[in-house]
Amino acid sequence: MMIRQAAKKALGITSRQSTPCSVGIFRSYHENVIDHYDNPRNVGSFDKNDPTVGTGLVGAPACGDVMKLQIKVDEKTGQIIDARFKTFGCGSAIASSSVATEWVKGKAMEEVLTIKNTEIAKHLSLPPVKLHCSMLAEDAIKAAVKDYKEKRVKTNGA
Amino acid sequence: MNKTKKLVASISTLLTRRRISHPSSSSLRCNPLATIASNSQTDLNPVKPLAVSIRRLQFSGRAFSSESSDKRSSSVCCWNCGFSSEKAAFLFCDSCRSIQPVDDSVDYFQIFGLEKKYELEGGSLEGKYKDWQKKLHPDLVHNKSQKERDYAADQSAKVTEACRTLTKRLSRAMYKMKLNGKNINEEETVTDPTLLMEMMELREAIAEADDSKELNQIQSQVQENLKQWSDSFADNFESQRFDEAVKCIRRMTYYEKACEEIVKKL
């Protein structure tokens, strides 16, 4: 219960009353989206100064959403061993970033760069008006990988 | 072409109120065609006067098209009575009290009779909005024709949209950019780390704030930032630094979103 409260707080949700309302009259959030909203996976942060961590911070200009996605990489194998996210935005944005953290775990960095926003959108049955949320998640993954690589170059160079 | 069609339609009303002797520059658009029509109806050899009138009409047309778009809308005639108006935003004919169709060239600033500046004097919008709605609202036009009721619905919606856009600073800023042909690309992901870090911390602070006192504090801080960036936008816009102006709008969007979150929590 407490963990859920903490998770909800981290997601910027405070009470049950802020459950996402219907997008349209006949359309509501897909059950996958509601699942990620109610049972958020991988919410939290890593220490961004940790050399094995890559941080992707992206924003959507239209709706003022912010999304932070962090990956922990095994230096020897180049595989992503863990991921965390923190998103301030609508239910679709939260679910998209949650899905992204699930999908990057256990994959190689080059592989996660091929994750497309369309796949995330399809998994969550996102309506057209929310497609930019999945795009944001794809950009967050790419930004996290880029950040990690740049850090590696710096540490190796120094 | 559209205007000439309207003029032809109102010929019959014009014929009964012919003022051909000294056409003023604004009514020139309305009357020459009446002259043509009346000539063709009453005279048996209309060719010569017709040619002269057409030339006069063409000349006047050219004279008008060379003026700015503000002036173009001032030569509009009422579809009902042919009364021509000098006003920039001709939504309602005071002469015959009929509602006019929506003219897309009329922008929101013109509707409220404001200069196209970003800074607005507070308070004047509300009064003018109510005045317009007293004339244009669909609920007040039950006795009028279907066509006019449709015009009322369109005009009333436009005026409401105009008021809403101009009241809030952010939407006003975006509208100004749009008027200048600088459309903001809303699809592009924002990657500016400093901006995003600041917004992340702000949103975290809002989420963690426990009492309304803390929230109000954050809110006033955000309002202050909004004002600051709003002024910065005005400055950049005037100096034509449009890229900087877009950045200001981005920040303002984020601050507005933060304000909304605070209000939700309060």
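Predicted model: local features only at pLDDT ≥ 70, side-chain atom pairs only at ≥ 80, totals over all residues.
**Aromatic pairs and the A–B interface**

B:Tyr108, B:Phe109 and B:Tyr175 come together as one aromatic cluster.

Over all chains, the tally of aromatic pairs comes to five. One of them is B:Trp79 with B:Tyr151, an edge-to-face pair with 5.9 Å centre to centre and 75 degrees between the planes. This pair ties together distant parts of the chain: B:Trp79 sits in the loop between helix H5 (69–74) and strand S1 (92–93) of chain B, while B:Tyr151 belongs to helix H8 (residues 146–167) of chain B, 72 residues apart. With a relative accessible area of 18%, B:Tyr151 falls under the 20% limit and therefore counts as buried.

B:Tyr108 and B:Tyr175 are both buried.

Turning to the interface, chain A brings 21 residues to the contact and chain B brings 22 residues. Between them, chain A and chain B bury about 1,800 Å², and carbon and sulfur atoms give 63% of that area. On the chain A side, A:Leu57, A:Pro61 and A:Phe88 account for 35% of the area that chain A buries against chain B, more than any other three residues.

As for polar links, eight residue pairs are in polar contact across the interface of chain A and chain B. At least two residues of the side of chain A that touches chain B come from each of strand S1 (53–60), strand S2 (65–73), strand S3 (80–88) and helix H6 (131–157) of chain A. S1(A) gives the largest share of that side, four residues. Sorted by class, the side of chain A that touches chain B holds nine nonpolar, six polar and six charged residues.

Two salt bridges are counted between chain A and chain B. One of these pairs B:Glu204 with A:Lys86, whose closest N and O atoms are 2.8 Å apart.

Note on methods. Residues numbered from 1 in each chain as written. Chains lettered and ligands numbered in written order. Heavy atoms only, no water. Contact = heavy atoms within 4.5 Å. Buried area = accessible area lost by both parts, 1.4 Å probe. Salt bridge = Lys/Arg side-chain N within 4 Å of Asp/Glu carboxyl O. Polar contact = N/O pair within 3.5 Å; in protein donor to acceptor, adjacent residues only side chain to side chain. Nonpolar A, V, L, I, M, F, W, Y, C, P; charged D, E, K, R; others polar. Phe/Tyr/Trp six-rings, centres within 6.5 Å; stacked < 30°, edge-to-face > 60°. Buried < 20%, exposed > 50% of the residue type's maximum accessible area, 1.4 Å probe, protein only.
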